[in-house]
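Please examine the structure shown below. The briefing that follows is arranged by topic.

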Amino acid sequence: MSRPTDATLSNFFKRAVAEHEASMALVGEVERVLRFGDRCVRLRFAGDALAEAVTRAFLPRVVAADEAPVHATVCLWEESRLPHGASSVPWSDGEVGPRGLVRGASGERVVAVHEAGSLAVTLVDRDARSLLYRVPDASKLPWWERAAPLRPALFWALSEPGRHLVHAGAVGDARRGGVLLAGAGGSGKTTVALAALAAGMAYVADDYVLLHVTPGERGGDVGAGYADGEPVAWNMFATAKLDQGHLARFPQLAAAVTGVADLASEEKAVLDVAALMPASLLPSLPIRAVLVPRIRGGRTRLRRASAAQALLALAPSTAFQMPFDEGQVFASLASLARRVPAFALDVGDEPEELAQAVDSVLDLVAEGADAPNEPLALGATR
Amino acid sequence: MGRVFSINNPHVVHETIDGETILIHLGTGTYYSLDGVAAEVWGLLVAGASDSETRTRIQARYDADPALVGESVGSLVEQLLQEDLLTHHASDSETPRAAHDAVVSAAGPFVAPVLHKYTDMQEFMLVDPLHDVEADAGWPHVKTD
């Protein structure tokens with residue numbers, strides 16, 4: 001695959017910075033600071049419309065600008081706000097690699113992600129820890145980008161050894177901690193997360209968390225009951241995404257979602273968990289087990305799984321989705337798989353059984369019970 | 001004498017947990033698992049043992065037909081090369097100390113080593129990320145028509 005030159009990408013980055021500044025001069029600057037654990041990311045928007053569209057999914061994570069040191073800054077603007085439009089991207093379609101990644105010939109300082117569907121362009125200057133995010137128009141931001149915005153930028157901005165944006169869900173409760181829901185798209189992560197939410201359990205995410213495997217300082221907003229150094233899943237997006245099957249299975253949640261009748265065939269309904277069920281949304285949960293769901297139908301069954309099964313479920317979907325990952329996340333997830341027990345969950349038809357399975361896992365872990373490698377009776381320990 | 005190998009860095013990452021090895025090839029979107037004898041073979045190869053040394057070590061550990069053991073180990077090594085997980089770069093002159101230490105547990109019955117291959121995520125790597133994506137769902141949902 002051919003690549004643009006490093007100079008081409010650097011020059012495009014400089015033009016993009018100038019376009020962001022010009023956009024802010026035209027439509028005004030809106031600043032938001034998001035806090036994920038002990039890391040803060042500043043968003044500098046050109047205009048209210050984009051700030052509103054992007055920030056909505058992060059509302060519980062918005063903090064005062066001076067609350068904590070800012071770790072990285074993302075500058076955001078819309079092509080449509082520039083009178084003469086934005087610069088064309090300096091790469092051809094053939095130079096866009098897997099996961100939308102565009103790297104210079106040496107792959108060093110400036111890298112870009114050109115995303116499908118949204119046509120969002122994320123630019124990263126690795127040396128300056130500076131990020132740019134450009135979209136065609138805030139009003140045309142697709143549903144998935146509104147539900148879980150800025151994933152490539154946040155993956156890069158928040159990554160460090162032992163801490164990564166990971167494709168996994170997390171549910172549980174404040175007393176017993178949480179389970180990490182591991183698996184590729186369609187495995188049942190969201191189904192289990194919604195079942196837990198509907199049953200009144202705590203919700204951190206249905207499919208993306210900031211996972212800190214070896215935390216030292218965790219910041220000030222973790223709940224009580226964390227052991228030092230325990231893995232933590234931080235909430236990123238205050239949303240849950242419901243497909244047609246979820247809407248039918250969880251009518252009480254479906255009733256809280258607007259615009260269901262207008263959904264396109266592949267479109268998911270976005271549940272604003274922060275607005276509709278604020279008490280259920282926690283900023284973080286300590287991770288006490290990995291739960292590997294698989295859609296099966298019929299009765300829900302739970303059994304012990306190996307650490308390798310947990311890693312198989314966790315690692316590939318994150319490693320292959322995140323454009324900036326070069327294998328670092330794999331080592332972190334292996335570390336997690338070694339530290340907490342894993343369970344396999346055959347996802348059946350009844351939501352109550354799914355919530356009961358999560359409950360059983362948390363009880364088993366709290367009691368230190370070593371579950372056998374055979375089906376476990378749901379709720380047997382309560 | 002035999003061939004010695006290196007992991008195909010930086011494209012391949014691997015971790016071994018409780019005797020099972022998981023490998024991800026970041027360039028192809030394929031991932032793999034190795035357990036039992038296969039994980040032992042992997043451990044020896046990445047510790048610097050040659051293919052001939054690896055065959056000899058596995059043959060010595062199991063009470064099984066040496067020819068069968070040697071053939072199945074050789075077959076696995078070829079698969080690892082074909083899948084671009086290993087590259088061979090030289091012939092060995094002396095087996096590194098790490099390879100001598102790589103297998104320490106007692107052997108059970110011999111089960112021919114198997115490379116389990118998973119291709120369900122290849123779509124992340126193989127599709128055109130701008131044009132082959134479902135318009136209503138976005139990346140990473142691939143068009144099915």
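Among the elements of chain B, which helix has the lowest mean pLDDT and which the highest? Helix H4 (residues 97–101) of chain B has the lowest (63), and helix H3 (residues 66–82) of chain B has the highest (97); pLDDT is the predictor's confidence in each residue, from 0 to 100. The model is predicted: local features need pLDDT of at least 70 and side-chain atom pairs count only at pLDDT 80 or more, whereas totals for chains, interfaces and linings use all residues. Residues are numbered from 1 along each chain as its sequence is written, while chains are lettered from A and ligands numbered from 1 in the order in which they are written.

**Confidence**

- The predictor assigns the complex an ipTM of 0.85 and a pTM of 0.90.
- The average pLDDT of chain B is 83, and 72% of its residues score at least 70.

**Overall form of chain A**

- Chain A contains eleven helices and 19 strands; helices (H or I, at least four residues) and strands (E, at least two) are DSSP runs, numbered from the N terminus.
- The radius of gyration of chain A is 21 Å, which agrees with the value near 21 Å for a compact globule of 382 residues; it is taken over C-alpha atoms, and the globule rule is 2.2 Å times the number of residues to the power 0.38.
- The C-alpha trace of chain A spans about 65 × 45 × 45 Å along its principal axes.
- Of the contacts in chain A with a separation of 6 or more, 74% are between residues 24 or more positions apart; two residues are in contact if their C-beta atoms, placed from the backbone, lie within 7 Å.

- Buried residues account for 53% of the 382 residues in chain A; a residue is buried if 20 or more other C-beta atoms lie within 10 Å of its own, exposed if 12 or fewer, and partly exposed in between.
- The largest nonpolar core has 161 residues; such a core is a set of buried Ala, Val, Leu, Ile, Met, Phe, Trp, Tyr and Cys residues joined through C-beta atoms within 7 Å.
- Helix H9 (residues 307–321) of chain A contributes the largest share of this core, ten residues.
- A:Val209 is among the residues with the most contacts inside the core; leaving aside neighbours within four places in sequence, its contacts include A:Val166, A:Ala233 and A:Trp234.
- A:Ser92 is exposed because 10 other C-beta atoms lie within 10 Å, and A:Ser92 belongs to the loop between strand E4 (70–78) and strand E5 (101–103) of chain A.

**A covered strand in chain A**

- In a regular strand the side chains alternate between the two faces of the sheet.
- Strand E15 (residues 239–242) of chain A is covered on both faces: A:Thr239 and A:Lys241 on one side, and A:Ala240 and A:Leu242 on the other, are all buried.
- E15(A) pairs in the antiparallel sense with strand E16 (residues 269–272) of chain A over four bridges; two strands pair if DSSP finds at least two bridges between them.
- A:Ala240 has A:Leu271 as its bridge partner in E16(A).

- Four strands of chain B form an open, antiparallel sheet in the order E2-E3-E4-E6.
- Its edge strands are strand E2 (12–17) and strand E6 (116–118) of chain B, each of which pairs on one side only.
- Strand E4 (residues 30–34) of chain B is joined to E6(B) by three bridges, and B:Tyr32 has B:Lys117 as its bridge partner in E6(B).
- H9(A) lies across E2, strand E3 (20–25) and E4 of chain B, running at about 10° to E3(B); axes are lines fitted to C-alpha atoms, for helices over the stretch in contact, and angles run from 0 to 180 degrees between N-to-C directions.
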